[in-house]
Structure formats: C-alpha cells, structure tokens
Amino acid sequence: MPRTRRSLLGGSLAVPVSLALSSATTPPAFAAPLGSASGPTAPSAAAAFVRSGRPGAPWGVQSGEITPHSATVWTRSDRPARMYVETSPSESFRYGVRRHRGPFLGPASDFTGTTTLRDLPPGQQVHYRIVLTDPDDPRRAGEPVRGTFRTTPASRRHDVRFVWSGDLAGQGWGINPDLGGYRVFEEMRLRDPDFFLFSGDTIYADGPIQASVPLRDGSIWRNITTEEKAKVAETLAEFRGNFRYNLLDRNLRDFNAQVPVLAQWDDHEVRNNWYPGQLIEDPRYTVKDVDTLAARARQAFGEYFPVTDLRGGRAEGRMYRVMRYGPLLDVFVLDMRTHRNANSPGRQSEDPVGILGGEQLGWLKRELSRSRATWKVIASDMPLGIVVPDGAANFEAVAQGDPGAPLGRELQIAELLRHVKHQRITGTLWLTTDVHYTAANHYAPERAAFTDFAPFWEFVSGPVGAGGFPAGKLDATFGPQTAYVQSAPLANMSPSENPPYYGEVEIDGGSGELTVRLRRQGGGVLFSTTLQPGRVGQ
C-alpha cells in the first residue's frame, strides 16, 4: 500500500514527553505566548497566581450556536468556579451592560462550561466578558476574559462571510514555538469572518506528539508536548487533554475570542478510520472496544466546544444539525461517523445504513426541502467522489473506485442527490476537508454513470495544521471533474514545507451571489469561483 496519511498513523509510537506542560489544572498562560520571545513565565509568578485564590480562564473563550437573538459562550476555569457573562454593544462596556449567571464549573465537566445569552439584537456586534468567581465567595473574582461575535442578520441585505478547514495537530505536527504556533488562525482572524466551520479532525486523539521530528532537509521540527499527547487517547482525561493541547496556542485562543465556531467531528477525535462496533487490533491500545473510546471522545468534544446538545455526554444530543445564518444561508452539519456501517469494499447493491444512517438521511432530506435560505451548504466531514482507502481492500469514505452505477455507500448519496433534483432544491453546495489538500471538484450528470441529479460543486480544504498529502483519485460514478487542485508532492509533508489550506465563502447581500475562495497560509487566493443564486444545479 502507498504511504498515505492514514497508513502512517499505524506506525507511530508513544514517546517520552519533553517541554512538558501540566495538563490538569495548570493553565497555558504559564507558558510563553506563542509568537513572543519573552520565554516562560517564572514559576514564582504562577505560584503567586495560585495563592491568590482567584479563578482564572487562561484557555480563553469561545462562542457558537449564533442566532439572531442568542449565542452560546464557553470557557474553562483553572479550579472550581461560578461562571458569569457580561455583554455590551460597546467594546469598552461603557453602556448597555447586561449580566448573565452561568453554571458552576467543576471536575464533572473538566471545569468547562457554557452560558446561553438571550434577547440579543439581530445582526449586531456583541462584546462579552466572562468573569469567574469563587463559588464560596463571589467577591473573589478572576480577571475578565473578553470575546466578541456578530449575531445572525435578520435582513437579506447583510453580506455573509465564513471560513472553513479541518485537521489540526495531525501526523505528529503540533504546536511549533519556533514558527509562532498555529499562525494560520491569525491569518483567518484578520479576514474577520462571521464564523469558522471546523470540518472535523479537530484533534488527533490517535496521534502522539513527539518533542522533535527530523525534517527532510535535516532541520528539526520542534513541538510543545503534554502528558496526554505522549500516547494514544483512551481515558476521558486523555481525550480532554487532546482538546486542551490545541488551546495552548495563542493564535487559536485569539481566533476563538473573535470568530464563532461551528464544529463537527470525523475519525481522529476517536481514532483513525473508526466505525461503530469496531474492535481495535492496534497494539498501542489497551481499550479494544471503539464504542467505549467514542463515548469518551464525544463527551470531551461536547465539553470543549460550545455545542449545548452534547454537553455532559447527553445521549439525546446529536452531532448532525443545521445552523440557520439569516435569509442567505443554512449550513447542514453532517455526521459521517456515528451512524455509518463498517468499512468494506463497498460493492453491495443494497445499503440502507450507508455512511449517514437512515435517520440522518431522512432528516437531511426533510431539512433541505424545508429550507428557505438562498444557499444551502452541506458541511460534510468526508468527500463524495475522492477515493479514500482503508487498508488493502476496504474504503473509508463514500467512493470505492468503481466508476459504474452506485454501490455501497454511494447508494445513499445517489438517493440524496435525486431528492435535491426532483424537489427542485436550489443553491446547494458541498464543503469538506479530510484528505489533506485543497481542490474544487464539479459534479455533472453528463460525465456520470448515475445521471438522475443536478450539477453541483464540492470544495475541499485543509489541513489547517497537519501533514500534507498528494491528491487522491476520483471515482467517476457521480461525474466529478477537478477544476483546481493543489497538494503536497510527498506524503506527510510538515506545515513548514506545505503550509496550511483553508477556504472562504462570501455571500453578497445585494446580488445573492456566492463566491468560494481556496486559500493558503501566506499564499493568498489559489482559486476562486462565483455561483449564481436560485438555481437547482450549478
């Protein structure tokens, strides 16, 4: 088998930790802010902070679940605390200040918590600051941590702009202080998007981080490491530590404070290429039941992102959902992990489970039919027509390399595409990541073996901070044609050799036109195309 991003994971080993950072309660503010030359804060300063007895939130803040009149904000405390949130239309908080009482942050949620802010004005910039207080003495309050977001516009006249990418801290490429950490997040922050679609592989729970990695040119890639990143994640504490790891990066914390996140998961939140019911043969794991790992990963995901339905590992919560961002945009967030069948050669002529499961497919068809938004973005954590192998005979995504009529998981996608055409659902496009390169693929029935669908685009981006890989092959079943592609020439090239990719979507409030731009850190726009509203096919 060729060396792919997935096969490489199987050979990684746990390694000793250096540059170690305490993971349970010591906050990352005690490490040097990445991108600065000041060095680590002195231990005495850390001790003084602890002795002060005032809760702190050095992992920063996040916002999400934005609507015209509400939003959810997140933080993590360094000890038990009560969460309060103050909001104001003024960045200086000189007027219009409202106070919202939040939850108790304790060990049951790894000291994380969210507060839903209500009765907000639509289409407006809202500034907030989170204050943590001692649960036994509210007068003992920590320093406020600030953030901002824009509520969803109620009017069609407002432009909409968002960015998307995925795959962070993968294949051994973590936070490199020599390069200033995850600098791509600062570049995206300066684009001032309305939100960030984090399209899966938000962590690499199966990817240990070594202190140093030799590069092809003889230089050394240096990582910040933590105890939880020294091995594959199996315990709930280790999954939580994987999410905390990325928040050690100041660029990401600054980004989170300004840009709301819409997060979905893929495989690496649990382990490479997992599916329900899988038994793990990888000798690095003592837990062999992937469902046990998935439950722990799901709980940690819900604790470390502002996703209310998933907090506390709630069984009734679900990863797939729709975010309605005003009259111009609905984003349908898919979950191609939880409800799929086992990876296989994908040649079956009947497949009612597929990659979405019957319930999720029915939900997606209903919600697409009900949507009145000008544009309907289907956020898919895996691509449709790119062949993604899983070992020598099985396949991980939808396509399986057979260019003929739909088989296996393709049957479910064919049913969905047929529904879009026959229901005359306008303005659909697909966004994805997963394959570690960027591309614009156009699907058309005149090139396809299956022809009962309307033409559409699928745009691929990422990785935002992981190994780069060569472009994959296309399966001709749905007639894909590559309009643009850029990828690494070799497998698992570091972010310093193959800089991160991200995509940008902008909708003009006047014309309704939607423009997609594929971008690269430090490289500007690689590809751009503009789609017209009101069409069933593009």
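Which backbone oxygen does the side chain of Gln-264 reach, and at what distance?

Modeller: The side chain of Gln-264 reaches the backbone oxygen of Ala-379 at 3.2 Å; a polar contact is a pair of N or O atoms within 3.5 Å, one able to donate a hydrogen and the other to accept it within protein, with residues adjacent in sequence counted only if both atoms are side-chain atoms. This is a predicted model, in which local features need pLDDT of at least 70 and side-chain atom pairs pLDDT 80 or more, while totals for chains, interfaces and linings use all residues. Residues are numbered from 1 along each chain as its sequence is written, and side-chain values use heavy atoms, without hydrogens or water.

Gln-264 belongs to strand β15; strands (E, at least two residues) and helices (H or I, at least four) are DSSP runs numbered from the N terminus. Gln-264 counts as buried because its relative accessibility is 0%, the limits being under 20% for buried, over 50% for exposed and partly exposed in between, with a 1.4 Å probe and protein chains only. Setting aside neighbours within four places in sequence, Gln-264 is in contact (heavy atoms within 4.5 Å) with residues including Leu-197, Phe-198, Ser-199, Gly-200 and Thr-202.

Beyond four places in sequence, Phe-301 touches Gln-264 itself, along with Thr-202, Phe-243, Ala-263, Trp-265, Glu-269, Val-307, Leu-310 and Met-319.

The structure holds 26 aromatic pairs, counted when ring centres of Phe, Tyr or Trp (its six-membered ring) lie within 6.5 Å; planes under 30 degrees apart are stacked, over 60 edge-to-face and the rest tilted. Phe-198 and Phe-305 are edge-to-face, 6.2 Å centre to centre with 85° between the planes. Phe-198 is in strand β11 and Phe-305 in the loop between α6 and β16 (321–325), so this pair ties together parts 107 residues apart in sequence. Phe-198 and Phe-305 are both buried. Phe-305 also pairs edge-to-face with Phe-243, at 5.9 Å centre to centre and 90° between the planes. Here the link runs from helix α4, which holds Phe-243, to the loop between α6 and β16, 62 residues apart. Phe-243 is likewise buried. One aromatic cluster takes in Phe-198, Phe-243, Phe-301 and Phe-305, and among its other members are Trp-74, Tyr-182, Phe-255, Trp-265, Trp-274 and Tyr-304.

Of its 538 residues, 61% count as buried. Among contacts between residues at least 6 apart in sequence, 72% join residues at least 24 apart.
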